[in-house]
Amino acid sequence: MERHLQQEGHLKAPGNWINDPNGFIFYQGKYHLFYQYFPYGPFWGTMHWGHATSDDLVSWEHVGIALFPTKYGDQNGCFSGSAVEHDGKMVLFYTGVHYHEPDPENIHACLHDRFESCQMSVASDDGTHFDNFGGKRVVIPPVVDKKVGDWTHTRDPKVWKGEDGWYMILGSRSEDGRGKLLFYRSEDLENWFYVNDATKGDGWGWMWECPDYFKVEGGQVLVFSPMRFLKDGKWEENQAICMAVDFKEEGCEMKLPDAYQYLDYGLDLYAPQSTVDAEGRRVLVAWLRMPKAVKEAGKGPWSGMFCLPRVVEVKDGHIYFRVHPNVKRRYSRPVTKAEEAGPGGYRIRLLLQEGGCLDVGGYRVSRRGGRICTDRREVFCEREDCRMVFETPAVKEGNRLDVYVDSHMVEVYVNDGEYVVSNAVYGLRPGFHVTGGAEVELFALERG
Ligand code: FRU
């Protein structure tokens, strides 16, 4: 990894491979964002936690590898997890995996799902140095009670401080192959006790990854990533969804409604994670899955990036994902041509009328039947199993779009986060063109 690599706008793999955001926290005056990282190639393998920091959620610096396998429990990977602050320390919780049948031809992969998972933690005094050899502890051993959860597929601890103790939500699967949530409680962040579970009926996927639960002013939100949620045989069937829930600390009871929203209607984002920002807002980022690694001149191949940070709000039961105000503030340098923007990309603000179309270098955003539709057929790789066209439900709140354009990702914020559609793209052409639009404005990223 190129250490101290700086990036603006979207956080991208510093080379090789990244997936989920982990350990997102504002700690000692800085944002820390860790990520699932494979340092040896642009594909998934033995997981490490890479680490990036930022003062404002817009300018990022990659600062190295925070966690790497050292113990029996995490011998084959430090999977996803979260961070909290306690007594001035940053405490990370993550899933350690141990393979019982590593692939002899590629020890970074496991055969026949023969692995065990435990929940581990490690603390740091400064949020930067983690004692990988002496500081790790197993806080929850692999689950052996099949009535509770799965010995193999239980992972992604998200920890928060409740009214009267610490709580952890984990993703797991039930004995009859349904995704489920497990809730644990602790008084001291060290001793954890299983309290309850929550699940749904058929059709909700076989394993729920990366659950996140939080309260915002208008309600309580559950976000999770059910595996095989879509069943059309296309890449990717695993999708991040969210819903308004009701959680009671007493007994850890959570009722899951039938109504849900996609986190993002571009269906490329996955494994989101949230934290509280410096001003107390709930802010979330997610991984953009890329079907093909990017090869740029003079750089090693890379795969994986994160969406822009989004503020989560609930109003009348609807969950909004609004681009973070710091991002808006920085993408404010008026320009007349997209080509004037630097590597951080640019932002187009406009009103798109019914039947209108914004063509961003071959990526089309249109409004039909009150829905915002995107089409990436001209700017994608040749994989036949990928989805190419997307649409939101019918929008209710007007026709304002805020479109953030980067070389490999376009994010379309509809009516300030009523819906968002983000897509991975390859080979965008320069410039854009609007038909049936009004009040078109163009901004580049202001230097930090
Ligand atoms: C989600 C996920 C998590 C797991 C991690 C491994 O993308 O599969 O459930 O912890 O990635 O990299």
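Biologist: How far is an oxygen atom of the ligand from an N or O atom in the side chain of Asp-156?

Modeller: Keep in mind that this is a predicted model. Two N or O atoms count as a polar contact within 3.5 Å. The pair formed by a ligand oxygen and an N or O atom of the Asp-156 side chain comes in at 2.5 Å.

Biologist: And how much of the ligand does the protein bury?

Modeller: Start with the ligand taken alone, which exposes 320 Å².

Biologist: Which elements give two or more residues to the shell around the ligand?

Modeller: The ligand sits in the largest pocket. Among the residues around it are Asn-19, Asp-20, Phe-79, Ser-80, Arg-155 and Asp-156. The elements that supply two or more shell residues are β2 (16-27), β6 (78-86) and β12 (155-162).

Biologist: What distance separates a polar side-chain atom of Arg-155 from an oxygen atom of the ligand?

Modeller: Gln-36 also has a polar side-chain atom by a ligand oxygen, at 2.7 Å. For Arg-155, the distance from a polar side-chain atom to an oxygen of the ligand is 2.9 Å.

Biologist: How many charged residues does the shell have?

Modeller: Sort the shell by class: there are 5 nonpolar and 3 polar residues. Asp-20, Arg-155, Asp-156 and Glu-209 are among the residues around the ligand. The charged count is 4.

Biologist: Last one: what radius of gyration does the chain have?

Modeller: The chain has 448 residues, so a compact globule would come out near 22 Å. The chain agrees with that, at 21 Å.

Definitions and conventions:
Residues numbered from 1 in each chain as written. Predicted model: local features only at pLDDT ≥ 70, side-chain atom pairs only at ≥ 80, totals over all residues. Heavy atoms only, no water. Near = heavy atom within 4 Å. Polar contact = N/O pair within 3.5 Å; in protein donor to acceptor, adjacent residues only side chain to side chain. Areas by Shrake-Rupley, 256 points an atom, 1.4 Å probe, with all protein chains shown as cover. 1 Å grid on protein atoms, 1.4 Å probe; cavity = no way out; pocket = protein on both sides within 12 Å on 5 of 7 lines; lining within 4 Å. Sits in = over half its atoms within 2 Å of the grid points. Helix = DSSP H or I, 4+ residues; strand = E, 2+ residues; numbered from the N terminus. Nonpolar A, V, L, I, M, F, W, Y, C, P; charged D, E, K, R; others polar. Rg over C-alpha atoms; globule rule 2.2 N^0.38 Å.
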